[in-house]
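Please look through the sequence and the structure below before reading on.

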Amino acid sequence: MCDIAKHDPQLAYSAYTIGVNKEWSYLRRTTPGVADELQPIENAIHHKLLPALTGQPVIDENLRQIMALPCRHGGLGIEDPVEMAEVEYANSLALTKDLREAIIEQRKQYHPDPQSKKNVKKWIRAAKEDIYETKRERIERKLTSNQRRNLDLLSEKGASSFLTCVPLEEYNFHLTRQEFQDAISVRYNLPIVGTARPERCGCDKAANTIEHALSCNHGGYVILRHNNIRDYIHAEMEKTCYNTVSEPALEPTKERPLPDGTIVEDGARLDVSTRGFWTPMDRAFFDVRVFNSLATSNNKQNIAEI
């Protein structure tokens with residue numbers, strides 16, 4: 001798996017989370033007292049698999065704990081097999097209690113109660129969620145304010161879609177090694193590895209870090225992100241609507257009071273316009289805005305407000 005990760009980390013990641021990890025999970029659910037035996041596997045995950053997946057030479061302990069969280073909590077879903085061994089075995093005992101009793105009593109017929117199974121599964125899901133919440137709170141106490149905010153952002157809906165999807169080339173879901181490792185670096189604000197790039201930004205005011213690149217108007221990444229979203233929306237609207245236009249010009253308006261900074265002369269434009277989006281024949285306009293949620297100016301704002 002580590003050898004595959006060096007060439008195709010996304011494929012290795014999917015193979016581990018969807019396949020190999022399930023095998024270890026089965027072992028933990030069916031074998032008592034196996035936690036200590038799984039420690040070598042955790043060592044290999046921490047010091048071999050994760051560096052191969054991310055391209056980072058070293059994964060520190062805090063980052064390892066974050067990556068062990070589910071994707072919906074800002075992690076990678078590569079859990080510590082030792083930490084969850086006893087929990088999964090106890091959950092398995094609770095779920096199979098009726099079946100075990102039927103086998104021990106040698107009942108000739110076994111009629112499981114579907115509602116009882118449903119209630120046990122619901123309890124197990126809630127208990128595991130409590131474990132993840134507690135673990136996340138413990139991790140957050142060791143992080144800086146910016147790191148805690150980043151973890152909140154990674155927990156937003158859709159922030160982990162590139163991790164949870166199956167890397168199918170047919171739908172352009174497959175990422176190259178550089179693309180996948182860059183996405184992980186951006187996700188956790190790690191140094192970009194494997195590419196030759198200038199040490200300083202084009203503005204010549206700061207180092208060429210991820211955080212600076214997401215905010216600097218001279219480096220080019222802000223407009224690239226904006227145009228990528230604009231072009232995607234335009235392409236999708238062309239499939240369902242009609243008379244779709246990229247960067248449509250707006251008529252000048254000087255009489256109506258508008259917010260400060262609004263262009264009221266010739267040359268004002270939005271990003272996309274189309275007909276039939278809200279109601280038939282009506283023309284709708286859309287404006288795309290990109291921002292760096294970790295920028296200093298956004299630190300005091302609630303994520304939902306941004």
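When cavities of 30 Å³ or more are counted, the total comes to 1 cavity, and it should be kept in mind that the model examined here is a predicted one. The space inside the largest cavity amounts to about 40 Å³.

The residues that line the largest cavity are Ala 68, Glu 79, Glu 83, Met 84, Ile 131, Tyr 132 and Lys 135. Sorted by class, this lining is made up of 4 nonpolar residues and 3 charged residues, with no polar residues among them.

## The sheet

In general, the strands of a sheet pair through backbone hydrogen bonds, and they may do so in a parallel or an antiparallel way. In this model, 3 strands make up an open sheet, in which the order is S1-S2-S3 and the pairing is antiparallel. Strand S1 (242-246) and strand S3 (283-286) are found at the edges, and because each has a single partner strand, one side of each is left without a neighbour in the sheet. From one strand to the next, the twist averages 15°.

Strand S2, which covers residues 272-275, pairs with S3 in the antiparallel sense over 4 bridges. As an example to find in the structure, Thr 274 has Ala 284, in S3, as its bridge partner.

## A helix against the sheet

Helix H12, formed by residues 221-240, packs on the sheet and touches S1, S2 and S3. The direction of helix H12 makes an angle of about 170° with the direction of S1.

Technical notes
Residues numbered from 1 in each chain as written. Predicted model: local features only at pLDDT ≥ 70, side-chain atom pairs only at ≥ 80, totals over all residues. Heavy atoms only, no water. Pairing = 2+ DSSP bridges. Helix = DSSP H or I, 4+ residues; strand = E, 2+ residues; numbered from the N terminus. Axes fitted to C-alpha atoms, helices over the stretch in contact; angles between N-to-C directions. Contact = heavy atoms within 4.5 Å. 1 Å grid on protein atoms, 1.4 Å probe; cavity = no way out; pocket = protein on both sides within 12 Å on 5 of 7 lines; lining within 4 Å. Points joined across faces, edges and corners; volume = space filled by probe spheres on them. Nonpolar A, V, L, I, M, F, W, Y, C, P; charged D, E, K, R; others polar.
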